[in-house]
Amino acid sequence: MTSNATVSVVIPCFNSVTTIERALRSVEHQTTKPHEVLVVDDASSDNTVSVIEQYARTSSLNIRVIKQSVNGGPSVARNAAWDLATGEYIAFLDADDQWHPQKLEFQVIAFELFLDASMCTTGYVFNSQPSRWEPIEHSDIAYQRNSFWKYAIANRSATPTVMFRNTVTLRFPTDQRHAEDYYLWLLSSKVLGPTIHIKQVLTFCSNPAYGGLGQSGRFWAMQKAELSGFRKLKRLGYLSAIEYSLIASWSCIKFVIRMIDAKLFSFRKRP
């Protein structure tokens with residue numbers, strides 16, 4: 001199946017000099033070439049911009065660098081590029097992550113198969129450094145729908161797996177620096193309906209779901225932001241008092257389990 005659809009790739013970065021070129025290469029190797037790549041430098045203090053500009057000089061990609069004068073966090077950076085994007089679809093990639101070469105191809109196909117879907121995600125793994133990308137047959141692709149309640153049970157989508165139709169007017173919340181992506185998935189699935197999920201692993205993330213070196217490693221900040229997102233949904237009228245209580249209680253139970261698991265993991269790592 002071929003398509004003339006255009007894809008805008010959005011990559012926020014901050015002090016990403018050691019990883020941004022690898023991320024850009026994974027975009028350049030896509031079987032469906034993006035219409036444009038919008039790289040937002042969130043006021044880096046290293047040579048990230050120089051590395052991007054040097055890569056762009058010899059790249060086949062249409063790379064545009066957006067320089068933020070003040071560090072606003074991932075939501076602000078992603079929204080800045082999203083507002084400027086001209087592609088039919090918007091795909092998000094983080095500066096330290098990578099895509100399977102067929103990732104954009106299969107997501108565009110998914111949108112053309114499921115015309116009611118506004119958001120498409122893929123399977124992903126953490127801490128993967130694949131040395132060889134195995135091709136995937138179209139006939140092997142499997143889909144499922146993820147409803148709001150599936151997202152309420154657990155955040156099922158890493159940001160670099162996500163593609164939106166550019167007709168979507170929702171944006172990442174700029175008042176959060178943690179769990180901002182999870183809030184958008186919840187809001188989108190509540191307002192726009194279930195997402196389409198491609199079960200195959202097409203995204204490779206450098207940090208684990210929690211307990212890593214990045215934003216997700218800040219347990220309590222993540223938990224507070226997650227609960228704040230639920231409260232916003234309740235204020236907006238998307239959750240009843242009972243629904244909010246159930247979701248918030250389940251979130252707190254998961255938090256306790258994560259903390260116990262993190263302590264045990266730390267203990268197991270001691271010599």
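Let's start with β6 and β9. Seven bridges join β6 to strand β9, residues 195-205, and the two run parallel. Two strands count as paired if DSSP finds at least two bridges between them. Strands here are DSSP runs of E, at least two residues, helices are runs of H or I, at least four residues, and both are numbered from the N terminus.

A word on the source. This is a predicted model, where local features need pLDDT of at least 70, side-chain atom pairs count only at pLDDT 80 or more, and totals for chains, interfaces and linings use all residues. Residues are numbered from 1 along each chain as its sequence is written, and side-chain values use heavy atoms, with hydrogens and water left out.

Back to β6, residues 119-126. Two bridges also join β6 to β8, residues 163-165, and this pair runs antiparallel. Here Cys120 stands opposite Met163 in β8.

Six parallel bridges pair β1 with β2. Pro12 sits opposite Val40 of β2. Between these strands the chain passes through α1, and this β-α-β crossover from β1 to β2 is right-handed. Right-handed means this: with the strands pointing away from the viewer, the path from the first strand over the helix to the second runs clockwise.

Next pair. β2 and β3 are also parallel, with five bridges. Val39 stands opposite Val65 in β3. The chain goes from β2 through α2 to β3, and that β-α-β crossover is right-handed.

How much of β2 is buried? Six of its six residues are, so β2 is largely enclosed by the rest of the structure. Buried means under 20% relative accessible area, exposed means over 50%, and partly exposed lies in between, using a 1.4 Å probe and protein chains only. Both faces of β2 are covered. Glu36, Leu38 and Val40 are buried on one side, and Val37, Val39 and Asp41 on the other.

On to helix α2, residues 48-58. Which residues of α2 are buried? They are Thr48, Val49, Val51, Ile52 and Tyr55. These residues cover an arc of only 160° around the axis, so they lie on the same side of α2. The arc is taken from the directions from the helix axis to the C-beta atoms. What do they pack against? The buried residues of α2 pack against β1 (7-13), α1 (20-28), β2 (36-41) and β3 (63-67). Contact there means heavy atoms within 4.5 Å. The face of α2 turned away from the buried side carries exposed residues: Gln54, Arg57 and Thr58.

Asn15 lies in the loop between β1 and α1. Its phi is near 50°, positive in a residue other than glycine. Is Asn15 buried or partly exposed? Asn15 is partly exposed, because its relative accessible area is 32%.

Ala179 is in the loop between β8 and α6 (180-191). Ala179 is not a glycine, yet its phi is positive, about 55°. At 7% relative accessibility, Ala179 counts as buried.

Last stop, Ser228. Ser228 belongs to helix α7, residues 219-235. Its relative accessibility is 21%, so Ser228 counts as partly exposed. How far is Ser228 from Asn47? The two are 181 residues apart in sequence and 35 Å apart in space, C-alpha to C-alpha.
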